[in-house]
Amino acid sequence: MNQKNRIRTALMMSALMLAGCGTVMSSVECGNTAVTVSAAEADYDWGGFLKKSNDWFGTSEAIKIADECIQYQVSGEGGWQKGMLTQHTGDWAHSTIDNDATTSQIRFLMRTYAQTKQQKYFDCAMRGVDCLFKMQYQNGGWMQCLNTPNTYHAHITLNDGAYVHVLNIMDEMSRKAGDFTAVSTEYQNKAAASLQKGIQCLLDMQIKVNGRLTAWCQQHDEHNLAPAGARAYELPSICTSESATILTFLYKYAQDHPERTDIVTSVNAAITWFKKVQLNGIKFVTQGDDKVVVQDANASPLWARFYTLDTEVPMFSDRDGGVYYDVAQISKERRTGYAWYGNWGKNVVGLALLDGTPVAEPEYSGQYISRLVLHDTARSSSWSIQQNLNVGSKVFGDREFTVVTIPTELVGAEYVQPACDSKSYSKDLAELTAASDCTVYAIVDMRLIEEQGISPDWLDGWKQSSEILNISNTVAFYIFSKELQAGETVTLGSNKTAQNVVNYFTAVQPRAEIVTTTTKEVTTTAAETTTTTNTEATTTATTTNTEATTTAAAGTETTSQVQNVLLGDVNCNDNVDVSDAVLLARYLGEDTDAAVSAQGKLNADCDGNSGLTADDVIMILKYVAKIIDEF
């Protein structure tokens with residue numbers, strides 16, 4: 001991302017946050033995300049590090065941490081302890097996948113290698129991958145800690161997403177995708193085999209009650225795959241937290257591999273089980289220094305952390321290892337010190353059941369698109385063709401994000417409204433055929449390219465614009481274009497990753513109507529009118545804007561009232577401060593409560609270019625921050 005676009009995005013986000021224009025998300029998407037239970041040690045913020053932009057991994061700070069990863073790699077094993085700086089003894093002195101260990105260091109080192117090309121980081125990461133191969137049993141499961149036989153650390157662990165973290169690494173390596181584009185073919189093949197063994201182990205471990213598949217335990221015995229206990233208050237059970245993570249992974253995999261009817265069966269059974277054990281009408285709340293269950297008919301659904309293996313009812317335990325069926329029966333120390341209830345099933349109960357039958361690829365058509373053939377059939381209900389792309393247009397069929405700022409070349413376009421969740425589909429998304437000579441635009445989350453360093457190969461030959469488009473969750477998009485003849489087809493490929501990005505979308509403009517528009521508001525005192533001149537190709541049109549020309553008797557502003565321009569003073573209070581940037585950002589975002597007068601619009605146009613855009617917001621913020629002395 002060039003510096004102008006970085007400033008534009010950062011300051012636009014600042015203005016939107018100050019304006020309170022809805023929730024501002026820095027991650028791939030917003031929405032309802034289930035709580036993840038984690039007890040990770042905090043000597044390194046791996047989660048925070050792995051959200052940073054790709055270029056950060058070439059900084060001195062990242063290189064220092066990468067060197068420490070090499071220093072603290074467990075000798076003779078290749079993995080890392082949980083809490084890299086913490087002195088551990090016994091079982092915890094060995095390599096582990098618990099608390100995000102080993103998998104996080106591998107990803108960190110691969111990203112540092114991608115930026116620095118220093119072989120030592122790649123080699124260290126591959127030693128970590130070799131450790132993951134060593135930690136996998138023949139039955140496909142991964143142990144919690146290496147070289148800890150006959151302890152619960154030798155069990156196959158699903159705790160805190162550890163198993164899925166390893167599966168995701170094997171999946172990316174098997175496709176040479178994401179953080180693992182540089183791996184050898186040998187490692188790619190080993191990862192593909194490891195992935196399939198890991199998935200099969202999940203299917204084999206899925207708990208049955210009276211012959212019916214349910215979900216999974218936190219850990220399973222490494223020999224017979226039965227549910228296994230860990231700490232005294234973590235007994236063999238059906239566990240919702242870990243099962244939700246497993247189910248999410250398998251669901252996406254099944255969508256991409258509908259031929260795997262065994263996975264489809266597993267997924268459908270788990271979704272059905274989550275619906276069966278959902279708890280309604282209660283809340284688990286803090287009262288003073290305690291936590292209690294209270295009745296509330298309007299409460300959102302909850303799930304207990306653990307369910308019994310026979311009757312599938314909520315179960316609780318204490319440090320005595322006993323089984324209780326009411327959280328009030330356990331000690332206050334355990335009642336307040338553990339996540340006994342949560343919203344872990346919140347997302348998975350909304351998943352549609354999969355039938356495993358190949359689905360005919362749906363087709364859509366529009367005015368300029370004669371045929372759109374969708375390959376991601378599982379999400380077809382969230383795809384459509386829409387008209388008149390503009391500020392306020394909804395971008396995705398499965399999200400409420402809308403366009404906030406839009407380049408002129410895209411205004412009024414016909415556009416493909418895709419499913420945002422199609423970002424995880426690993427194959428080509430669709431084929432688009434033009435009804436007439438046109439320009440097709442791919443509007444791509446800039447984080448995919450700038451922060452993750454991914455440039456989808458299907459965009460080769462497309463022309464990148466200097467403009468950007470912003471949507472309401474503060475994501476900014478690059479714009480690529482390609483000319484098509486009538487009847488010509490173009491492939492809309494994979495987003496390449498679902499990590500920390502949203503999906504791209506596409507738009508189409510007819511060739512004859514592609515124009516470059518320049519709009520300039522000029523106030524003339526003689527005729528007391530505002531003339532707006534639009535240059536479209538070779539045609540010039542003059543219109544009269546009555547907004548600033550209505551007589552004073554009507555209670556509106558006259559032309560004479562908008563003569564003295566104080567650049568940046570959007571709210572016309574004779575002062576320029578951050579509230580002016582906030583008001584303009586809200587106005588550009590079509591906040592109906594953000595009224596800007598005719599005088600305010602003249603004051604707001606302060607970036608040296610005609611028309612109100614996000615650049616004017618940036619100029620005001622730069623002025624307020626004293627980055628510039630004048631407009």
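Glu 312 and Arg 212 form a salt bridge, with their closest N and O atoms 2.7 Å apart; the term covers a side-chain nitrogen of Lys or Arg within 4 Å of a carboxyl oxygen of Asp or Glu. Glu 312 sits in the loop between strand E10 (306-307) and strand E11 (316-317) and Arg 212 in strand E3 (residues 212-213), so the pair ties together parts that are 100 residues apart in sequence. This is a predicted model, where local features need pLDDT of at least 70 and side-chain atom pairs count only at pLDDT 80 or more, while totals for chains, interfaces and linings use all residues. Residues are numbered from 1 along each chain as its sequence is written, and side-chain values use heavy atoms, with hydrogens and water left out.

**Salt bridges**
- The rule gives a count of 25 salt bridges.
- Back to that opening pair: Glu 312 counts as buried at 8% relative accessibility, while Arg 212 counts as partly exposed at 32%. Here buried is under 20% relative accessible area, exposed is over 50%, and partly exposed falls in between (1.4 Å probe, protein chains only).
- Asp 98 and Lys 82 meet through their side chains in another salt bridge (3.8 Å, N to O). Both Asp 98 and Lys 82 are in the loop between helix H3 (60-72) and helix H4 (103-116), 16 residues apart.
- Asp 98 and Lys 82 are both buried.
- Asp 376 and Arg 379 also make a salt bridge, at 2.8 Å from N to O. Asp 376 is buried with a relative accessible area of 1%, and Arg 379 counts as buried at 8% relative accessibility.
- Then there's a network: Arg 107, Arg 111, Glu 172 and Asp 179 are joined by salt bridges that share partners.

**Strand pairing**
- Start with E14 (residues 363-364), which pairs with E15 (residues 369-374) in the antiparallel sense over two bridges. For strands to count as paired, DSSP has to find at least two bridges between them.
- A hairpin of four residues takes the chain from E14 to E15, and Glu 363 stands opposite Val 373 in E15.
- E15 also pairs with E19 (residues 430-434), again antiparallel, over five bridges. Across that pairing, Ile 369 faces Ala 434 in E19.
- On to E23 (residues 489-492): E19 pairs with E23 in the antiparallel sense over four bridges, and Ala 430 has Leu 492 in E23 as its bridge partner.
- E19 is mostly covered, with four of its five residues buried.

**Nonpolar cores**
- Which residues touch the most other members of the largest nonpolar core? They are Tyr 163, Trp 340 and Tyr 341, in a core of 98 residues. (A nonpolar core is a set of buried Ala, Val, Leu, Ile, Met, Phe, Trp, Tyr and Cys residues joined through side-chain atoms within 4.5 Å.)
- Helix H5 (residues 119-135) supplies the largest share of this core, ten residues.
- Another core, of 35 residues, lies apart from that one and includes Tyr 364, Tyr 368, Ala 430 and Cys 438.

**The whole chain**
- The chain has 14 helices and 27 strands. These are DSSP runs numbered from the N terminus: H or I with at least four residues for helices, E with at least two for strands.
- Of the chain's 631 residues, 51% count as buried.
- Among contacts with a separation of 6 or more, 65% are between residues 24 or more positions apart, contact meaning heavy atoms within 4.5 Å.
- The accessible surface comes to about 27200 Å², and 48% of it belongs to carbon and sulfur atoms. Accessible areas come from the Shrake-Rupley method with a 1.4 Å probe; for residues, only the protein chains shown count as cover.
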